[in-house]
Amino acid sequence: MKRARDFGLVCGSLPPGPLNAITDVPGVRIGHRTLVDGDVRTGFTALVPHEGDLFREKLPAAVEVINGFGKSCGLIQVEELGQLETPILLGNTLSVGIGFEALVRRALAANPDIGRETGTVNPVVMECNDGWLSDIRALALTVDDAHAALDAAVSGMVPEGAVGAGAGMSAFGFKGGIGTASRRLTLDGQDYTLGVLVLANFGRAGDLVLPDGRRPEVPKLRKSDFASVDAPERGSVIIVLATDIPLESRQLKRIARRCGAGLAKLGAFWGNGSGDIALAFSTAARISHHEAADLLPRMVLNENRIDLPFRAAADATQEAVLNALLAAPRTRGRDGHMRPSLADVLAG
């Protein structure tokens with residue numbers, strides 16, 4: 001699997017984590033379920049933020065809607081309460097309800113008091129439209145597929161490119177998909193990590209700008225493959241940011257906003273039809289569902305030091321998208337539609 005640094009493409013000056021992946025953040029796990037069958041190129045990607053029960057031990061979180069042309073669920077409550085209480089599922093646009101059901105069923109099985117002695121649960125599912133390469137009308141994804149992605153979640157290196165939710169995605173006219181990157185930061189003499197995972201399905205062909213200033217051309221192999229290339233921007237990108245830096249929800253939202261700077265460095269302008277969303281969470285502190293105290297102590301980042309995570313978010317987002325593009329192979333999908341591989345262009 002080729003990544004940006006294999007091609008000499010480095011984003012920013014902050015050092016990456018050991019894996020240069022969101023799983024460099026301790027406790028974060030990723031799982032995929034990929035469906036490739038006939039005209040179907042789709043799947044689920046699951047992100048599990050810690051090893052415990054997220055409903056019982058929630059995490060500080062925030063969402064930044066860069067451009068809201070999307071069909072995600074759970075984001076309103078994250079915005080209001082600043083908390084994440086389920087794993088995160090990424091899928092295609094018409095699979096959001098399936099992901100919702102899977103997360104609800106899993107939470108109900110683990111917590112018999114949900115909907116009885118306590119409130120309900122807020123599943124978080126986000127999406128991009130893979131309909132150019134996959135038959136999205138087939139509604140191929142099932143609750144079992146969502147559970148399979150969740151059950152497959154592991155630490156370590158994250159498979160990238162045309163896997164999981166990224167199986168049918170496109171970006172900048174190339175094959176897109178799942179990508180990840182991380183950055184290491186030092187605060188008060190202690191090392192911390194900020195990691196990003198993207199579902200890249202955005203950007204117009206010809207707009208991509210590499211860190212060295214090159215603008216790779218999308219090879220036009222047949223006219224029908226590129227009927228959509230000159231169309232308005234109607235893609236999407238989902239960005240999930242994880243960190244072990246102690247942060248409150250308001251700070252997480254500010255940092256998530258800087259993921260947009262990483263997209264802009266690549267040449268994206270967040271077109272009218274693009275659904276661009278960043279969700280960020282911190283694993284540094286857990287929020288008990290049945291907290292007894294009225295007042296809670298919190299350690300948070302000094303606001304005057306927040307520029308460092310700002311930079312890390314922008315650079316990791318930029319590199320995560322490039323990793324998604326470079327890991328994805330040339331793919332032919334629904335009705336013969338094709339997306340070339342950026343790696344093939346750079347290698348050629």
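Tutor: Two strands pair if DSSP finds at least two bridges between them. Helices (H or I, at least four residues) and strands (E, at least two) are DSSP runs, numbered from the N terminus. This is a predicted model, in which local features need pLDDT of at least 70, side-chain atom pairs count only at pLDDT 80 or more, and totals for chains, interfaces and linings use all residues. Residues are numbered from 1 along each chain as its sequence is written, and side-chain values use heavy atoms, with hydrogens and water left out.

Student: Which residue stands opposite Gly68 in E12?

Tutor: Gly275 does; E3 and strand E12 (residues 275-282) pair in the antiparallel sense over seven bridges. Strand E3 (residues 57-68) is also joined to strand E13 (residues 287-288) by two antiparallel bridges, where Glu57 has Ser288 as its partner. With strand E4 (residues 83-84), E3 again forms two antiparallel bridges, and Pro60 faces Gln83 there.

Student: What span should helix H2 have?

Tutor: The expected span is 1.5 Å times one less than the number of residues. Helix H2 (residues 96-110) has 15 residues and should therefore span 21 Å, in agreement with the 21 Å between its end C-alpha atoms.

Student: Which residues of H2 are buried?

Tutor: Buried means under 20% relative accessible area, exposed over 50%, and partly exposed in between (1.4 Å probe, protein chains only). The buried residues are Val96, Gly99, Ala102, Leu103, Val104 and Ala107.

Student: Is Met1 buried or exposed?

Tutor: Met1 counts as exposed because its relative accessibility is 55%. Met1 lies in the segment before strand E1 (29-37).
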